[in-house]
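Please keep the structure in view while reading.

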Amino acid sequence: MAMEMQAPKGTKDMLPQDAYKWHYVENTFRNVAKTYGIREIRTPMFEHTELFLRGVGDTTDIVQKEMYTFKDKGDRSITLKPEGTASAVRAFVENRLFNEAQPTKLYYITPAFRYENVQKGRLRQFHQCGLEVFGSKEPSMDAEVICVAMDTLKELGLKNLSLNINNLGCPDCRPKYNEALKKFLEENYDGLCDTCKSRFEKNPMRILDCKERKCKEITKNAPIILDFMCQECDTHFTKVKEYLDILGVPYTIDPGIVRGLDYYTKTIFEILSSEFTVCGGGRYDKLIEELGGPSMPAVGFGIGIERMIMMLEKEGIEIPNEALIDLYIGARGEEERKYAFKLAHNLRILGVNCEINHMGRSIKAEMKFANKLGALFTTILGEDELKNEKITLKRMSDGETFDVSLNDTEAIKKIVK
Ligand code: ATP
Ligand code: MG
């Protein structure tokens, strides 16, 4: 196949036989979000590049290495969204949702684009279930947001979950930490990768997040941010932990996590499953203001959909398959075929999933096909059935049959649904 006829590297088709997995994950997330009174927001697939430079931060991996940026025909710099938060904040500010009663609780399901080193669990187009809550500075909200993520993953049936949390402090306490960190890193400056060298002055904390082995080795014994917290940040973190304790949600404090985005303040968290980080999130109290809105606190997360599905498969969790076809209606001749066409339509209006023969197959081949489709019931229309206005529904799982009046669609529905 010619190169240009293949999907670009790092992208994947969702094939129809896998659709039920995606529906399961997305519906589970939607349903959990609903129980928390969270409403959906959809934002464009692309934004002005400037939004991400300011919203994600120009010392992050995303901005330094991973953005899909291009000039459109109007010579504007456009970027495919690499994550959902900056867009949600932009929409919140632009549409003046801050004037409404707070908090504003939003969720989204979106593709995200990052020019990554493609490997297992790391794509260039992937998908996220995300949540953003604006307007509340309370520690109970951090805990609630964490719970939405945990509830979703648990509801899916995932077992090996661990929640890691950390406190990143605020613009009052972080500079002190940055100084201490720089002092520590100074001696090993030459051993850092080029990207980290460029981060040293502007955002040394970012170096803790580097994936290069030599940088990881250097930062192993770096000073810990929790030792540098101001009173307010320290108290906030203590309360978040208390709220998690109320619900008995187990967590580990991991001072090593700093997260890949610049905007976080105070609480940050990651949820790991057996093999991957599936969820990342935290509080970002300065971002709304940074993006031109009022000074307003915020907290949110993103969960990778592909990674959730990978974990479900790895843990061998059975995903409920959607019964595709309730009833396959076979037909012997031209007249019967017309009748099947009409019957299927009438049943579909009642919500019954039907299939009929559009391939000119013989009855035998039709029934074989119905079996392949996994049809729950089959019926065959012949001359007698039309004359007597009676059909027989056959349950495929055990072969049991049910006689029913041909025109009684409600009765047919009752049996096959
Ligand atoms: P990492 O440190 O692994 O690069 P990240 O900090 O860049 O992760 P986030 O921006 O927090 O990741 O994204 C939230 C979630 O989205 C991740 O936990 C993961 O499940 C998923 N995710 C991120 N990048 C990718 C990708 N390239 N392919 C597939 N899923 C991804
Ligand atoms: Mg990343």
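## Overall form

The model is predicted. The protein chain holds 15 helices and 16 strands. The radius of gyration is 27 Å, well over the 22 Å that the globule rule gives for 417 residues, so the chain is more spread out than a compact globule.

How much of the protein chain counts as buried? Of its 417 residues, 50% do. Contacts between residues at least 6 apart in sequence were also sorted by separation, and 68% of them join residues at least 24 apart.

## Surface and charge

The accessible surface of the protein chain comes to about 21400 Å². Carbon and sulfur atoms account for 49% of that surface.

Among the side chains, 60 are positive and 64 are negative. The centres of these two sets lie 2 Å apart.

## Domains

Two domains are given by the domain assignment. Domain 1 is made of two stretches, 8-173 and 229-314, while domain 2 covers 327-416. How far apart are the C-alpha centres of domain 1 and domain 2? The distance is 47 Å.

## Backbone exceptions

Most residues other than glycine have a negative phi, and most peptide bonds are trans. The residues in this section depart from one or the other of these patterns.

The peptide bond from Gln102 to Pro103 is cis, with omega near 10°. Pro103 sits in the loop that runs between α4 (85-94) and β5 (104-113).

Asp75 is not a glycine, yet its phi is positive, at about 65°. This residue belongs to the loop between β3 (69-71) and β4 (77-80). Is Asp75 buried or exposed? Asp75 counts as exposed because its relative accessibility is 57%, and the cut-off for exposed is over 50%. Glu389 likewise has a positive phi without being a glycine, here about 50°. The loop that holds Glu389 lies between α14 (383-388) and β15 (390-395). At 42% relative accessibility, Glu389 counts as partly exposed.

## Positions on helices and in a loop

Lys364 is part of helix α13, which covers residues 363-373. With a relative accessible area of 71%, Lys364 is exposed. Lys364 and Gly330 are 34 residues apart in sequence, and their C-alpha atoms are 9.5 Å apart in space.

Lys214 is found in helix α8, residues 213-219. Its relative accessibility is 45%, so Lys214 counts as partly exposed. Which residues does Lys214 contact, leaving aside its neighbours within four places in sequence? They are Gly191, Leu192 and Cys193.

Pro250 lies in a loop, the one between α9 (231-246) and β8 (252-253). The relative accessible area of Pro250 is 58%, and Pro250 is therefore exposed. Pro250 and Leu80 are 170 residues apart along the chain, and 36 Å separates their C-alpha atoms.

Technical notes:
Residues are numbered from 1 along each chain as its sequence is written. Chains are lettered from A and ligands numbered from 1 in the order in which they are written. This is a predicted model: local features need pLDDT of at least 70, side-chain atom pairs count only at pLDDT 80 or more; totals for chains, interfaces and linings use all residues. Side-chain values use heavy atoms; hydrogens and water are left out. Helices (H or I, at least four residues) and strands (E, at least two) are DSSP runs, numbered from the N terminus. The radius of gyration is taken over C-alpha atoms; the globule rule is 2.2 Å times the number of residues to the power 0.38. Buried means under 20% relative accessible area, exposed over 50%, partly exposed in between (1.4 Å probe, protein chains only). Contact means heavy atoms within 4.5 Å. Accessible areas come from the Shrake-Rupley method with a 1.4 Å probe; for residues, only the protein chains shown count as cover. Lys and Arg count as positive and Asp and Glu as negative; His and the chain ends are not counted. The place of a charge is taken as NZ of Lys, CZ of Arg, CG of Asp or CD of Glu. Domain bounds come from an automatic or database domain assignment.
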